[in-house]
Amino acid sequence: MNKKLAAALSGGAVLVLTLSGCSDDSDNKVNDWAKKVCDQVQPQLQKIADANASIQQQTADNSKPADVQKTDSAAFQQISQAYKSLGSAVDSAGAPPVDDGEATQKEAVKELNDSSKAYAGLKTKVDALDTKDQAKFADGLKGVADELNKISSSGDQALKKLQSGEVGAAMSKQKGCQKPSASTGASGSGAPDAGAGASPDASTPSDKESKKPSDKESSE
């Protein structure tokens with residue numbers, strides 16, 4: 001019953017960069033900016049990967065609605081917090097030292113904050129589902145998955161711009177901006193708010209969110 005949700009997440013956007021083979025022509029100022037952002041990004045990407053993994057673990061046909069609801073709610077809360085923190089990371093780093101850097105930064109921060117709000121909205125919808133009627137719960141979950149698909153497929157143009165050109169090349173070289181693997185035994189319970197906020201990956205979720213942490217793609 002949670003398979004559609006897991007599949008939608010695996011296609012989501014996340015601020016993870018998967019650029020490769022980039023020439024090392026970024027100047028020191030750009031590299032310093034990328035390091036400042038990526039050092040704060042990695043913990044949030046890990047939260048997103050772990051949250052996605054927890055939803056993946058609740059895809060069995062015999063999973064109880066109440067358990068699925070609890071897991072999904074905690075996961076969406078964790079992802080929402082991660083995106084918020086990602087927005088703060090990009091915001092606090094200041095504008096990247098490139099043409100149109102300030103505008104690109106502001107647009108990326110807005111997208112990350114919008115994603116945070118969108119995931120918070122998904123948590124609210126999951127919390128409101130009726131777990132006593134399995135058929136109704138499954139229908140409601142399908143609606144949440146459809147909404148997640150919309151979130152994952154839109155609104156990442158600014159992130160893509162941020163991850164292109166000289167800035168993208170510099171970020172791709174930073175370990176902190178590379179896609180993490182889910183921690184063993186991810187529980188999906190809301191992680192401590194260490195600056196919460198998760199960001200998608202630009203290739204899997206879409207950075208995000210596209211780019212999403214390597215979740216097994218499950219579909220019904």
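The exercises below work through a predicted model of one protein chain, each with a solution in steps.

Residues are numbered from 1 along each chain as its sequence is written.

**Exercise 1. Describe the secondary structure of the protein chain and state what share of its residues is buried.**

Step one is to recall that helices (H or I, at least four residues) and strands (E, at least two) are DSSP runs, numbered from the N terminus. The protein chain has seven helices and zero strands, and from the N terminus on the order of elements is α-α-α-α-α-α-α.

Step two concerns burial, where buried means under 20% relative accessible area, exposed means over 50%, and partly exposed lies in between (1.4 Å probe, protein chains only). Of the 220 residues of the protein chain, 51% count as buried.

Step three turns to contacts, meaning heavy atoms within 4.5 Å. Among the contacts in the protein chain with a separation of 6 or more, 86% come from residues 24 or more positions apart.

**Exercise 2. Find where the confidence of the model is lowest and highest among the helices, and which stretches fall below 50.**

Step one is the overall value: pLDDT, the predictor's confidence in each residue, from 0 to 100, averages 76 over the protein chain, and 72% of the residues score at least 70.

Step two compares the elements: confidence is lowest in helix α1 (residues 3-10), at a mean of 72, and highest in α3, at 93.

Step three lists two stretches with pLDDT below 50. Residues 15-24 form one of them, with 43 contacts in the model beyond near neighbours in sequence, and residues 184-220 form another, with 186 such contacts.

**Exercise 3. Work out how helix α2 is placed against α3 and against α7.**

Axes are lines fitted to C-alpha atoms, for helices over the stretch in contact, and angles run from 0 to 180 degrees between N-to-C directions.

Step two takes α2 (residues 28-56) and α3 (residues 65-92), whose axes come within 9 Å and cross at roughly 165 degrees. Angles under 35 degrees count as roughly parallel, over 145 as roughly antiparallel, 65 to 115 as roughly perpendicular and the rest as oblique, and α2 and α3 are therefore roughly antiparallel to each other. The contact of α2 with α3 has 13 nonpolar, eight polar and three charged residues, where Ala, Val, Leu, Ile, Met, Phe, Trp, Tyr, Cys and Pro count as nonpolar, Asp, Glu, Lys and Arg as charged, and the others, Gly among them, as polar.

Step three takes α2 and α7, which pack at an angle of about 55 degrees with their axes 8 Å apart, and this makes α2 oblique to α7. Val-30, Asn-31, Trp-33, Ala-34, Val-37 and Cys-38 in α2 meet Glu-166, Val-167, Ala-170 and Met-171 in α7. The residues of this contact divide into eight nonpolar, one polar and one charged.

**Exercise 4. Decide which residues of helix α7 are buried, and name what covers them.**

Step one is the count: six of the eight residues of α7 (residues 165-172) are buried. These are Val-167, Gly-168, Ala-169, Ala-170, Met-171 and Ser-172.

Step two is the cover, which includes α2 and α6 (157-162). Leu-162 is found in α6, and Leu-162 counts as buried because its relative accessible area is 1%. Leaving aside neighbours within four places in sequence, the contacts of Leu-162 include Trp-33, Val-167, Gly-168 and Met-171.

**Exercise 5. Are Asp-100, Glu-102 and Gln-58 buried, partly exposed or exposed?**

Step one is Asp-100, in the loop between α3 and α4, which counts as exposed because its relative accessibility is 55%. The phi of Asp-100 is near 60 degrees, a positive value in a residue other than glycine. Most residues other than glycine have a negative phi.

Step two is Glu-102, in helix α4 (residues 101-127), which at 49% relative accessibility counts as partly exposed.

Step three is Gln-58, in the loop between α2 and α3, which at 18% relative accessibility counts as buried. Beyond neighbours within four places in sequence, Gln-58 is in contact with Asn-2, Ser-63, Asp-67, Val-68 and Thr-71.

Conventions: This is a predicted model: local features need pLDDT of at least 70, side-chain atom pairs count only at pLDDT 80 or more; totals for chains, interfaces and linings use all residues. Side-chain values use heavy atoms; hydrogens and water are left out.
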